[in-house]
Amino acid sequence: MRVVRVSARVIGRAATAFALVALVALPATAQGTKPKPAAAAPAAAAAVPYAQRFAQVCAACHGANGRNDAMPGTPALSGQHSFYAITQLFLFREGRRDNAAMTAVAKGMKDAEMQGFADFIATLPPVPPAAPATPNDAARMTKGQALAQEHKCLFCHGADLSGGQQVPRIALQREDYLQTTLREFKSGKRPGYTMAMSAAVSQISVEDLDTLAYYIARFPAGTPGK
């Protein structure tokens, strides 16, 4: 009988220990503790302050709607993707892209701030350029289309050149910005997070790069919403 009593005592202790372990392992709600509220981080909640910060920090150069054709060499941000935007901010912050104005803006940004700006930029719908003063050069547009197909521009940037994720929207981007960017990828001055663009344009002449810029800036299918 003594052995039985000892065994019962051991079993009782084991059961108590198991109950304590199980209690610790249970979620807070199961223990009767009020759960902590989840952190509110939806894009909609962050959009308001970053809309204001965009207006204060970015709009003077890039335009309130993400496009400013009055300032030469300034890219249109409207319709751009969040992943691409944050990548560029990162490259500016880390000194891998060379632009004094953008480096000054980005150098003090924390990761969360870059994400906030990038997410807001992604909410801006594409804005078309003003109607051209003269008709498009049909021959140049035809050549530009052929070059885009030959060099797989549509393969990476999409059939409507609207891009996606880490690939930028380039349809209806400013011609001067496209021209400069393509030339800098060819020369090696413009870094990328991969070598894809440098490899893609390495064998294209500067004249043909300028034709591509002309075509993409007027891309027929690149209308907002498509």
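A word on burial before you click: a residue is buried under 20% relative accessible area, exposed over 50% and partly exposed in between, using a 1.4 Å probe and protein chains only. By that rule, 33% of the 226 residues in the protein are buried. Keep in mind that this is a predicted model, where local features need pLDDT of at least 70, side-chain atom pairs count only at pLDDT 80 or more, and totals for chains, interfaces and linings use all residues. Residues are numbered from 1 along each chain as its sequence is written, and side-chain values use heavy atoms, with hydrogens and water left out.

**Whole fold.** Colour by secondary structure: you'll get 11 helices and zero strands. Helices (H or I, at least four residues) and strands (E, at least two) are DSSP runs, numbered from the N terminus. For contacts, take heavy atoms within 4.5 Å. Among contacts between residues at least 6 apart in sequence, 68% join residues at least 24 apart.

**Select 82–93.** That's helix α4, with 12 residues and a reach of 16 Å from first C-alpha to last, close to the 16 Å expected at 1.5 Å a residue. The expected span here is 1.5 Å times one less than the number of residues. Nine of the 12 residues in α4 are buried, among them Tyr-84, Ile-86, Leu-89 and Phe-92. Just after α4, stop at Gly-95, which takes a positive phi of about 80°.

**Aromatic pairs.** Rings of Phe, Tyr and Trp (its six-membered ring) pair if their centres lie within 6.5 Å; planes under 30 degrees apart are stacked, over 60 edge-to-face, and the rest tilted. The whole structure has three such pairs. Pick Phe-54 and Phe-120: their ring centres are 5.3 Å apart and the planes sit at 50°, so this pair is tilted. Phe-54 belongs to helix α2 (43–57) and Phe-120 to α6, so the pair ties together parts that are 66 residues apart in sequence. Both partners are buried, Phe-54 at 1% relative accessibility and Phe-120 at 13%. Next, grab Tyr-215 and Phe-219, with centres 5.5 Å apart and planes at 90°, so they are edge-to-face. Tyr-215 is buried at 5%, and Phe-219 is buried at 6%.

Most residues other than glycine have a negative phi. Select Lys-152, where phi is near 65°. Lys-152 sits in the loop between α7 (138–150) and α8 (153–157) and is exposed at 54%. Then jump to Leu-161, with phi near 60°, in the loop between α8 and α9 (175–187). Is Leu-161 buried or exposed? Buried, at 0% relative accessibility.

**Last stop, a pocket.** On a 1 Å grid over the protein atoms alone, a pocket is an open set of points where a 1.4 Å probe fits, with protein on both sides within 12 Å along at least five of seven lines; lining residues have an atom within 4 Å of a point. Grid points join across faces, edges and corners, and the volume is the space filled by probe spheres set on the points. The second largest pocket comes to about 340 Å³. Show Arg-67, Pro-129, Ala-130, Ala-217 and Arg-218, which lie nearest its centre among 14 lining residues.
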